[in-house]
Amino acid sequence: MSNEFQFDVLIIGSGASGLGLALQLPDSYKIAVLSKASLTSGSTYQAQGGVAAVLDDTDSTQAHFQDTITAGANLSRPDAVSFTVEHGKESINWLIEQGVPFTREGNEYHLTKEGGHSHRRIIHSADATGQAIQQTLIERAKARNNIHLFEDRIAVDLITRHKLNLPENRCIGAYVLDHNSGHVDVFKAGSTVLATGGVSKAYLYTSNPDGASGDGIAMAWRAGCRVGNLEFNQFHPTCLYHPQAKSFLISEAVRGEGGKLRLPDGSRFMDKFDDRGELAPRDIVARAIDHEMKRLGCDCLFLDISHKPAEFVKQHFPTIYERCLKYGIDITKEAIPVVPAAHYTCGGIMVNQHGMSDVEGLYAIGETSFTGLHGANRLASNSLLECIVYASSAASHIISHNHPLGELPEIPAWDESQVTDSDEDVIIAHNWDELRRFMWDYVGIVRTNKRLQRAKHRVDLLQQEISEYYSNYKVSRDLLELRNLAVVADLIIRSAMRRQESRGLHYTLDYPESGLEARDTILTPVNYDWH
């Protein structure tokens, strides 16, 4: 049977932002952290590069600010950039206090450099920084009696007072599917936080884990929240190209430490596209690789660091070295086959500096949010920084504004009396595949008006089908993810159609130049509360 749970704070998502927030709330708060699969199944665990912050005397927050603005194609919001870079050092210090084992060189922390950065400012844990952060935060959370960790739970929808036909809208929790029991439980909460990551699973080729299906963005949109800049999907230039290597990323740090991109004949090509060569921002590198692959009709290009000493390569990139060796590629002796892949969602749920959304009591932090930091293109290693900075900021706001549970209304249990078990799961699989394929073909690295119109036509038909299916059958993880992906794919397409220019990650052949004025693309749902 279904259960009802009550918490002071409900956090949907268990990555760096979700756990980072939970750990910065007082011990007196009863906190739930939901993970869609295992606690290590999200994007944080897979992050390789590191965290960007000003930690060296030769660097400055002004330089980090300018690098972020430049990478963001002048669309980043200056107040969000200042807020994030100025809180960089304290965020790193907090992670160090939690016990994250960042790589040292002698008595100092080793700082690496990545594309778009003017200084070495990426603090890292070898080439598995996300794993080190995630494991440390999980250990810390497990040691706290007030933090309750739930695995194999996927949120179905947010519960608001308006949905219950009550005045003064506020988010009061969520309906949550227990993957193991198959029942939908009620999680009632004074404050609810979306920390659900991005939507790169909307694309056929992605570096992201399976759970990156835009759940938080779709739920917030249905609950009446505005979204911003969803046309800016970052494609990582270098994902390992191998039939068995599902979504394995080759870190930008490989290029930062001297790796060269090569065509199948061994020649370099990046200098033709940008004076910075391999260290150009990701959008430029991804487009250059996409262009050369289409021009030559080849399945992949190559990233070569074999000219560096073998010990240097093994020491700096142990994870990449071991993984590639598993597939028969010795990166100390040969080049790595690579393709671009959908990697990061720069837009998301509109929030303020405290991570507050348009609905009272609902916060969004990390990749699922739109703070204005990333603009039209995320600067490498700013994402984990944003997670910790806004987790801390949201925690402070929740402490001063959390709603007492006693004032929350009764919430009806989820009604599954009118639905049946589906015997047509093949439809979900087929629709999932169709959506990811047309998003890759029509809404990918290079776009046109005609491609976007085709994608819009297809996503409209898909949403009709999914809506009908959702009404008649018991919910499952696959169905919920497909439903959310279709919502967010539609929002991406609509956002892309509105931007009649090329800027950052949004490149269209119909409008190849940037407009004179940099503007955000804001979409407003029909149930948005104008008060």
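Analyst: Here are the ground rules, then strands, rings and a helix.

Analyst: This is a predicted model: local features need pLDDT of at least 70, side-chain atom pairs count only at pLDDT 80 or more, and totals for chains, interfaces and linings use all residues. Residues are numbered from 1 along each chain as its sequence is written, and side-chain values use heavy atoms, with hydrogens and water left out.

User: Start with strand 11. How many of its residues are buried?

Analyst: Eleven of its eleven residues, 184-194, are buried. Buried means under 20% relative accessible area, with exposed over 50% and partly exposed in between (1.4 Å probe, protein chains only). Strands here are DSSP runs of E, at least two residues; helices are runs of H or I, at least four; both are numbered from the N terminus.

User: Which strands does strand 11 pair with in the parallel sense?

Analyst: Strand 1 pairs with strand 11 in the parallel sense over eight bridges. E4 stands opposite V186 there. Strand 18 (residues 362-364) also runs parallel to strand 11, joined by three bridges. In that pairing T192 has L362 as its bridge partner. Two strands pair if DSSP finds at least two bridges between them.

User: What about strand 10?

Analyst: Strand 10 (residues 171-178) runs antiparallel to strand 11, with five bridges. V176 is bridged to D185. The two strands form a hairpin with five residues between them, and G182 in the turn has a positive phi of about 80°.

User: Switching to rings. How many aromatic pairs are there?

Analyst: The whole structure has 14. Rings of Phe, Tyr and Trp (its six-membered ring) pair if their centres lie within 6.5 Å; planes under 30 degrees apart count as stacked, over 60 as edge-to-face and the rest as tilted.

User: Give me an example.

Analyst: F7 and F150 are edge-to-face, at 5.9 Å centre to centre with 90° between the planes. F7 is in strand 1 (residues 4-12) and F150 in strand 8 (residues 147-150), 143 residues apart. F7 is buried at 3% relative accessible area. F150 is buried too, at 13%.

User: Why is the F235 and W440 pair edge-to-face?

Analyst: Because their planes stand at 70°, with the ring centres 5.7 Å apart. That pair links strand 13 to helix 13 (residues 425-442), across 205 residues. F235 is buried at 3%.

User: Back to F7. Which cluster is it in, and what charge sits over its ring?

Analyst: Ring pairs link F5, F7, F150 and F187 into a cluster. The charged end of K30 sits over the F7 ring, 4.9 Å from its centre. The test is NZ of Lys or CZ of Arg within 6 Å of the ring centre and within 35 degrees of the ring normal. K308 lies over F312 at 5.0 Å.
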